[in-house]
Amino acid sequence: MDFKISKMSIEDLKSIKNILTTDFDNFWSFDILEEELECSNSYVIVARDINNTIVGFAGIKVILDEADIMNIVVKKDFRHHGIGSLLLENYSKNINLKTITLEVNENNLSAIRLYDKFSFDKLGIRKKYYNGESDAIIMSKQL
């Protein structure tokens, strides 16, 4: 399958508002994503399928030449098709960054495999970071 990457617009966000938590994940609400779109340090991109349907999105926060990955989310029925990799590669190639950092839920094995595939290093743990229950693994990559 071919997917097209582009910058997310407010119209894009509005188009997925009603399916954001059901078809993607409930990590980020519409209001939080809307705030990120308005933030000058945030870059949010979308992946579209051949029908121009949004099947994934990712957001980073950039400070100088460093970035924090805020999220990489793929529509549930499009997972395991390389969309997460495509979104991550887009940031690595198209923004002048030296370092990318993230935190990932210890239980999110698919995401951990993705970051391992891209040679992210594990730097540490944030205990009970997610809802006071699950640990966050802090990972980073020098570009």
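I count two strands as paired if DSSP finds at least two bridges between them. Helices (H or I, at least four residues) and strands (E, at least two) are DSSP runs, and I number them from the N terminus.

The model is predicted, so I note its limits: local features need pLDDT of at least 70, side-chain atom pairs count only at pLDDT 80 or more, and totals for chains, interfaces and linings use all residues. Residues are numbered from 1 along each chain as its sequence is written, and side-chain values use heavy atoms, with hydrogens and water left out.

Seven strands form an open sheet in the order 1-2-3-4-5-7-6, and the pairing is mixed. Strand 1 (4–7) and strand 6 are the edge strands, each pairing on one side only.

I then checked one pair. Strand 2 and strand 3 (residues 54–63) run antiparallel over seven bridges. Arginine 48 has isoleucine 54, in strand 3, as its bridge partner.

**Helices on the sheet**

Contact here means heavy atoms within 4.5 Å. Helix 3 lies across strand 2, strand 3 and strand 4, at about 115° to strand 2. Helix 5 packs on the sheet and touches strand 4, strand 5, strand 6 and strand 7, its direction making about 155° with that of strand 5.

**Pockets**

I used a 1 Å grid over the protein atoms alone; a pocket is an open set of points where a 1.4 Å probe fits, with protein on both sides within 12 Å along at least five of seven lines, and lining residues have an atom within 4 Å of a point. Grid points are joined across faces, edges and corners, and a volume is the space filled by probe spheres set on the points.

The largest pocket holds about 1,200 Å³ of space. Its lining has 37 residues, with Phe27, Ile72, Asn108, Ala111 and Tyr115 nearest the centre. Strand 4 supplies the largest share of that lining, seven residues.

The second largest pocket holds about 180 Å³. Among its lining residues I noted Lys7, Glu36, Cys39, Tyr43 and Tyr91. Helix 3 (30–38) and strand 2 (42–48) each give two or more residues to this lining, and strand 2 gives the most, with four.

Note on methods:
Axes are lines fitted to C-alpha atoms, for helices over the stretch in contact, and angles run from 0 to 180 degrees between N-to-C directions.
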